[in-house]
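Subject: Structure for you to look over

Hello,

Here is the structure I promised to pass on. Please open it next to this note, and read on for what turned up.

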Amino acid sequence: MSTPVKKVPIHLQSAQNRLLIKHGKVVNEDEITEDDIYIEDGVIKQLGRNLIIPGGTRVIDARGKYVLPGGIDPHTHFEFEFMGAKSVDDFYQGTKAAVAGGTTMIIDFVMPKKGESLIDAFYEWRQKGDDKVCCDYALHVGLTHWNEQVKKEMEALCKEHGVNSFKVFMAYNFMLNDAELYSAFDTCQKLGAIAQVHAENGSIIAKNVEKLLAKGVTGPEGHELSRPEEVEAEAVNRACIIAKQVDCPLYIVHVMSKSAGLALKQACERGTRVYGETLVAALATDGSHYKHECFHHSAGHVLSPPLRPDPTTPQFLMNLLAQDALQVTGSDNCTFNKAQKELGKEDFSKIPNGVNGVEDRMSVIWEKGVQTGIIDPCRFVAITSSNAAKIFNIFPQKGCIAVGSDADIVIWDPSRTRTISAATHHQAVDFNIFEGMECHGVPEYVIVNGRVCVDEGQLRAVEGHGRYVDTPVFAPYVYDPERVADLKPVKNGTHDDSLPEHFQNKVQIEEKVCPTPTLPDSAVSTPSCRGARPEGQRNIQDSTFSISEDLDVERKSCIRVRNPPGGKSSGFW
């Protein structure tokens with residue numbers, strides 16, 4: 001049974017205007033170039049200088065600004081029923097907020113009830129999302145129980161529904177034991193999927209909760225006390241050991257502590273194929289808030305694993321991202337309002353776990369990473385977009401600015417600032433954990449599938465504009481690292497009307513390696529950015545053309561970054 005294909009309404013198709021972005025600094029994970037970008041029908045058609053474009057094309061001047069691939073948030077929970085409450089950001093409100101902040105794709109989690117069919121739960125999430133999303137989305141699937149039927153449904157999801165990632169839990173009431181983890185990882189490896197793990201020792205947490213409540217500790221401070229960072233680190237280490245037994249690629253979601261980050265790094269050094277995600281919350285705030293005298297404030301920061309009381313943790317995790325010991329940043333956006341958080345007013349273990357972040361992720365990471373000098377703009381692109389696209393096998397369709405890629409683009413103004421507040425954010429939740437933080441770096445334009453959805457800072461997101469995106473199995477970045485160089489897309493030239501096969505998200509579970517994502521020679525009609533560009537090309541409808549129009553701007557055709565894609569780069573701005 002194949003996944004239903006959503007038809008894009010005619011009025012949205014006609015709204016996809018031709019667009020030219022000029023004079024910006026185009027930032028990919030490995031280089032900054034000074035190129036113009038021509039977009040048509042939601043796809044980047046040309047990249048270079050002095051492009052020939054049709055009349056009637058809208059021109060955006062990005063002079064003095066960065067032009068980035070749209071952010072990919074690989075960790076959201078919209079409309080999620082959990083701990084007796086339902087997260088208040090639905091797929092419309094959540095993706096609208098994502099777009100406002102510069103994120104142009106999210107990956108949400110299908111969470112079957114214990115014993116429920118994975119396929120049924122998948123369709124339930126598609127019904128929630130398809131007509132609401134303002135940007136493209138994909139789905140991970142949670143494994144909340146384990147049996148032979150689950151194995152069969154995992155295979156069907158990979159073959160027929162474009163799913164290549166499955167999440168297991170080592171805590172909560174749907175945690176799997178070690179033997180079940182082994183079987184789940186083994187199945188993922190055989191299917192060419194990637195296993196995701198919520199790494200906390202659930203058994204220890206349960207005992208700690210029991211002890212703390214018996215001592216009269218009922219407030220939000222008990223949340224972190226019940227699950228200290230060594231409990232997270234132990235689970236990370238154990239998950240890595242189990243995954244290595246069956247040679248399964250592993251993705252640790254929301255690494256929140258120094259100890260867990262080091263455990264992951266050490267496992268990688270031992271040869272485990274493991275990738276680490278941390279959260280924007282962990283990079284910008286800490287666990288001191290759990291002792292705040294206001295219950296709503298402290299409960300508003302409750303998530304699992306929790307924020308850590310060590311105030312040096314955020315910078316430590318940012319340094320791990322700079323060193324490529326961690327590769328990805330997510331939001332884990334799972335928002336509950338004040339009334340819902342009060343379900344745990346007399347018992348911290350009943351506070352619904354979750355915080356905001358989908359809207360503020362890009363600006364906060366720029367502030368804490370680029371603005372402080374810990375990472376450069378290329379690494380920013382890697383950890384907010386490109387690495388997620390590679391791990392979940394949608395690169396170079398997503399996660400880069402290249403000929404033939406989807407026109408998901410952010411024009412980023414590094415000189416503007418904004419102050420984060422629940423009073424002005426676009427999310428449904430009534431609390432923001434980044435309240436009052438001033439961020440340098442603001443998305444001035446956000447383009448989703450070729451449509452300008454943030455226009456000079458004004459949000460114009462359209463409900464239902466997004467599409468479901470397949471994530472094919474056997475991602476080369478994960479399963480065949482020697483072929484990572486083959487993923488390098490065409491960064492300059494002209495795209496013809498026939499889309500290469502690797503952009504069509506076809507799942508090929510029979511093959512151990514998916515089709516090589518490189519564009520055919522026929523798709524290129526101009527030289528790469530390293531060679532001389534042909535002179536005299538212009539918009540033939542533009543009567544005001546001047547061959548000297550850009551002589552007032554000092555330009556370099558290409559700036560290379562050392563040690564791409566993961567190593568820390570420096571010395572180019």
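Start at K167. Leaving aside residues up to four places away in sequence, K167 touches H75, H77, F109, V141, G142, L143, Q196, H198 and V253. Contact here means heavy atoms within 4.5 Å. K167 is found in strand β13, residues 165-169. K167 counts as buried because its relative accessibility is 2%. Buried means under 20% relative accessible area, exposed over 50%, and partly exposed in between (1.4 Å probe, protein chains only). An unreviewed UniProt entry annotates K167 as "modified residue: N6-carboxylysine". UniProt positions follow the numbering used here, feature names are shortened, and annotations may be inferred rather than shown by experiment.

Some ground rules. This is a predicted model: local features need pLDDT of at least 70, side-chain atom pairs count only at pLDDT 80 or more, and totals for chains, interfaces and linings use all residues. Residues are numbered from 1 along each chain as its sequence is written, and side-chain values use heavy atoms, with hydrogens and water left out.

Now the whole protein. The protein has 16 helices and 23 strands. These are DSSP runs numbered from the N terminus: helices are H or I, at least four residues, and strands are E, at least two. Of its 573 residues, 62% count as buried. Take the contacts between residues at least 6 apart in sequence: 79% of them join residues at least 24 apart.

Next, helix α4, residues 148-160. Its 13 residues reach 18 Å from first C-alpha to last, close to the 18 Å expected at 1.5 Å a residue. The expected span is 1.5 Å times one less than the number of residues. At the start of α4, a side-chain oxygen of N147 comes to within 3.0 Å of the backbone nitrogen of Q149. V150, E153, M154, A156, L157 and C158 are the buried residues of α4. They pack against α3 (118-129), β12 (136-142), β13 and α5. Just after the helix, G162 has a positive phi of about 70 degrees.

Helix α8 covers residues 229-245. It has 17 residues and reaches 25 Å, first C-alpha to last, close to the 24 Å expected. Its buried residues include V231, A235, R238 and I242. The buried residues of α8 pack against α5 (178-191), β14 (194-198), α6 (202-214), β15 (250-252), α9 (258-269) and β16 (274-279). D247 follows α8 and has a positive phi, near 55 degrees.

Last, the strands around β7. Strands pair if DSSP finds at least two bridges between them. Strand β2 (25-27) runs parallel to β7 (66-69), joined by two bridges. Strand β18 (409-419) pairs with β7 in the antiparallel sense, over four bridges. Y66 has K25 opposite, and Y66 also stands opposite W412 in β18. K25 also meets E34: their side chains make a polar contact of 2.8 Å. A polar contact is a pair of N or O atoms within 3.5 Å; within protein, one must be able to donate a hydrogen and the other to accept it, and residues adjacent in sequence count only if both atoms are side-chain atoms. E34 sits in the loop between β3 (31-33) and β4 (36-40). E34 counts as buried because its relative accessibility is 7%.

Best wishes
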